[in-house]
Amino acid sequence: QLQLVEYGGGLVQPGGSLRLSCVVSGFSLDYYAIGWFRQAPGKEHEGVSCISSSGVSINYADFVKGRFTISRDNAKNTVYLQMNSLKSEDTAVYYCAARRSAYWDFHRCLDPRIAGSWGQGTQVTVSS
């Protein structure tokens with residue numbers, strides 16, 4: 001059974017950093033692209049970043065470019081999201097989602113409507 005679990009959320013001051021991990025089980029990460037999404041209170045889900053199964057193709061939302069970095073270690077069945085220079089507007093529940101590579105579209109990988117299978121999310125709060 002495909003399962004994704006996010007770790008690493010917490011409370012951080014503006015300008016600080018966090019690293020989120022998405023640990024998958026029940027399937028081989030080799031065949032799946034992964035996306036990170038978030039949902040702030042009262043807002044819709046939005047795409048943050050995505051990475052192809054090989055790690056070659058990567059995309060970021062404009063509002064995180066230069067601050068967030070996505071990476072993956074297929075041997076560890078884990079995808080990471082390094083978040084630096086955090087802002088209060090980054091406060092949200094962060095989710096990872098897996099989509100089988102055969103159905104993954106790089107140009108639409110930040111669209112939460114076609115994200116695939118989701119984890120349960122981890123809370124990130126940026127506040128002083």
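What follows is a chat about the labels used for this predicted model.

Trainee: Let's start with the bonds. How do you know that Cys 22 and Cys 96 form a disulfide?
Mentor: Check the sulfur atoms: the cut-off is within 2.5 Å. Those of Cys 22 and Cys 96 are 2.1 Å apart, so the pair passes the test. The bond ties together distant parts of the chain, with Cys 22 in strand S3 and Cys 96 in strand S9, 74 residues apart. Both cysteines are buried, too.

Trainee: And what makes that link right-handed?
Mentor: The turn about the S-S bond does: for Cys 22 and Cys 96 the angle is 70 degrees, and the link is right-handed.

Trainee: How many disulfides does a search of the whole structure find?
Mentor: It finds 2. The other link is between Cys 50 and Cys 109, with sulfur atoms 1.8 Å apart. Number the bonded cysteines in sequence order and the pairing reads 1-3, 2-4.

Trainee: Why is Cys 109 called buried?
Mentor: Buried means under 20% relative accessible area. Cys 109 has 7%, so it counts as buried. Cys 50 has 0%, so it is buried as well.

Trainee: Now Lys 43: buried or exposed, and why?
Mentor: Exposed means over 50%, and Lys 43 has 57% relative accessibility, so it counts as exposed. You'll find Lys 43 in the loop between strand S4 and strand S5. Its C-alpha is 9.4 Å from that of Ala 92, and the two are 49 residues apart in sequence.

Trainee: What makes the phi of Asn 77 worth a look?
Mentor: Most residues other than glycine have a negative phi. Asn 77 isn't a glycine, yet its phi is positive, near 55 degrees. Asn 77 lies in the loop between S7 and S8. Its relative accessibility is 22%, so Asn 77 counts as partly exposed.

Trainee: Where does Ser 85 lie, and what is its phi?
Mentor: Ser 85 is in the loop between S8 and S9. It has a positive phi of about 50 degrees although it isn't a glycine.

Trainee: Last one: which residues have the most contacts inside the largest nonpolar core?
Mentor: They are Ile 34, Trp 36, Phe 68, Val 79, Leu 81, Met 83 and Tyr 94, in a core of 29 residues. Among the elements giving two or more residues to this core are S3, S5 and strand S11. Tyr 94 touches residues including Leu 20, Phe 68, Leu 81, Met 83 and Val 124.

Note on methods: Residues are numbered from 1 along each chain as its sequence is written. This is a predicted model: local features need pLDDT of at least 70, side-chain atom pairs count only at pLDDT 80 or more; totals for chains, interfaces and linings use all residues. Side-chain values use heavy atoms; hydrogens and water are left out. Helices (H or I, at least four residues) and strands (E, at least two) are DSSP runs, numbered from the N terminus. Buried means under 20% relative accessible area, exposed over 50%, partly exposed in between (1.4 Å probe, protein chains only). A nonpolar core is a set of buried Ala, Val, Leu, Ile, Met, Phe, Trp, Tyr and Cys residues joined through side-chain atoms within 4.5 Å. Contact means heavy atoms within 4.5 Å. Lists of a residue's contacts leave out its neighbours within four places in sequence.
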